[in-house]
Amino acid sequence: MSQEANNTEPKLLGLMAQFDDPDSLLAACEKVRKAGYTKTDAYTPFPLHGIDEALGIKPTILPWIVLTLGIMGGFAGLGLQYVTNAEWYPFIISAKPVWSLPANIPVIFELVILHAAIAVFIGMLFLNKLPTFSNPLFRVPEFARATDDKFFLTIDVNDDKYKPNKTRDLLDGCVGQTGVIEVFEDPSPAELPKIIKFIGIGATVCALIPPILLWRAYYQTSTVPRINPIRDMDIQLRGDTQTVSPVFADGRTMRPRIPGTVARGDWVDPIMLTGIVPEVEEQNVVFLQDEEAPVEGNEKPAEEEKPAEGKPAEEKPADENPEADKPMAEEKPAEDKPTEGDGPAQPEEPEPNWVKIAPISVTRATVERGRNRYNIYCSVCHGLAGDGDGLVAQRALQLEQPTWIPPTNLHTDYLLTQPDGKLYNTITHGIRKMKGYGDQIPAEDRWAIVTYVRALQKTRTGTPEEIPAVEMKELEIKGQ
């Protein structure tokens, strides 16, 4: 009877000492390690610096496992890219080599990180012998405070230095210990409960059903429509391309674009975009004005027209426009022809009905905007003052480029008589060596540049009374 009782008695696994503070635990670990014990462990509510050295725990091989798997992942990514790019699909793109190491670094790096992360996760579980369904320490009531405010040190009974009485006396002699507890093996059976086994088998069978159904649908044909609980994405009221529609009279589902329509918010006045007006209209030329007095270019009646300041008296009136009187095209005055840097003579064509003044509200902010855009796009060739001596032009003259055409001096008489619409058209589409800036500069900014060019011209031909900004500047200088 006593033999049966001894067989059912729990097996002793080791001794565990309890401490109230981390310093006492560290001192006890040092004492146990110096006594020659190697199968020991410590448990703390928080990471404790120096606990590994105090217990004599050797570095784990987990970093080497991570390094090995990372190197394997890097070579796997390198080999995969080499086989696919250099062997299976050797396409030459933009004269680049079919395989080069720098272009493959990102994939190599990602696979190194992936394999290293997998090594850390699986290696940690393997080295710690996880997962386990039970731990004997969980049966010790005092150990529940290991995650709160108590510190514990255990010595395994299988340690070579373990002696029941001697080991207990060693732990009892540790400073700060509050008790020595025996840890016994868990007597509960190690096998999984049958209900857990049945649930696991059922879950495995259920997990195999979707792959089997997918395999069957992929390799077999069926005349029965597939099960589709959400049919809105497959069956919906829509017009497919190149199909017949009973809705429209012509029977076509694809509808042609309605002529003359534009997207909402995209409509812009054609005069603003082209600089051409459909009818001959005389306009007042105002280069600078106060912000409270916007320009009303095409709305002035003909009888209120005033001659443009700074323009020659022989300027051709509107009724002599070549488009209005085509037979007079060959009698165009000499001052209306280009005089600087023009190419070979072109056949005379009727001039469009250019806008004579910019169709925008001209304020000080407009002129300042035009100056900013002019300095960015135009001054490199035409110069800051418009004399055609920009840095690009000076460099071309120094290099004596044979095909170089000097930029036009914006203060020539020919440009003084040109309507604003023609200057705008030149900025938009370019002329001779000058490229067009229609794709780079918005329409309003192009008109602002035209306004600023007119202001530059007025600095040579105008008077302070004609340019309020100049007049105010002179008054400020005199007042000082």
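# Surface, aromatic and backbone features

Leucine 127 is partly exposed, with a relative accessible area of 32% (buried means under 20%, exposed over 50% and partly exposed in between, with a 1.4 Å probe and protein chains only). The model is predicted, so local features need pLDDT of at least 70 and side-chain atom pairs count only at pLDDT 80 or more, while totals for chains, interfaces and linings use all residues. Residues are numbered from 1 along each chain as its sequence is written, and side-chain values use heavy atoms, leaving out hydrogens and water.

**Nonpolar surface patch**

- Leucine 127 lies in helix 5, where helices are DSSP runs of H or I with at least four residues, strands are runs of E with at least two, and both are numbered from the N terminus.
- Together with Ile61, Trp64, Leu67, Ile71, Phe75 and Phe126, Leu127 makes a nonpolar surface patch of about 810 Å² (Shrake-Rupley area, 1.4 Å probe, only the protein chains shown counting as cover for residues).
- Such a patch takes residues with over 30% relative accessible area and no salt bridge, joining nonpolar side chains (Val, Leu, Ile, Met, Phe, Trp, Tyr) within 5 Å and like charges within 9 Å; a salt bridge is a side-chain nitrogen of Lys or Arg within 4 Å of a carboxyl oxygen of Asp or Glu.
- Helix 4 (62–88) and helix 5 are the elements that give two or more residues to this patch, and helix 4 supplies the largest share, four residues.

**Aromatic pairs**

- The count comes to 10 aromatic pairs, a pair being rings of Phe, Tyr and Trp (its six-membered ring) with centres within 6.5 Å, called stacked when the planes are under 30 degrees apart, edge-to-face when over 60 and tilted for the rest.
- Tyrosine 43 and phenylalanine 143 pair edge-to-face, at 5.2 Å centre to centre and with 85 degrees between the planes.
- Because tyrosine 43 lies in strand 2 (residues 40–43) and phenylalanine 143 in the loop between helix 5 (101–127) and strand 3 (151–156), this pair ties together parts that are 100 residues apart in sequence.
- Tyrosine 43 is partly exposed at 24% relative accessible area, whereas phenylalanine 143 is buried at 10%.
- Phenylalanine 46 and phenylalanine 151 also form an edge-to-face pair, with 5.7 Å between centres and 85 degrees between the planes.
- That pair links distant parts of the chain, 105 residues apart, with phenylalanine 46 in the loop between strand 2 and helix 3 (51–55) and phenylalanine 151 in strand 3.
- Phenylalanine 46 is partly exposed at 40% relative accessibility, while phenylalanine 151 is buried at 4%.
- Tyr43, Phe143 and Phe152 form one aromatic cluster.

**Helix 6**

- In helix 6 (residues 164–172) the buried residues are Thr167, Leu170 and Leu171.
- Viewed down the helix axis, these residues fall within an arc of 95 degrees, so they line one face of helix 6 (the arc is that of the directions from the axis to the C-beta atoms).
- Asn165, Lys166 and Asp169 are the exposed residues carried by the face of helix 6 turned away from its buried side.

**Backbone**

- Most residues other than glycine have a negative phi, and most peptide bonds are trans.
- Leucine 130 and proline 131 are joined by a cis peptide bond, with omega about 0 degrees, and proline 131 is in the loop between helix 5 and strand 3.
- Lysine 129, found in the loop between helix 5 and strand 3, has a positive phi near 55 degrees and is exposed at 68% relative accessibility.
- Glutamine 242 has a positive phi of about 55 degrees; its place is in the loop between helix 7 (194–219) and helix 8 (270–274), and glutamine 242 is exposed at 69%.
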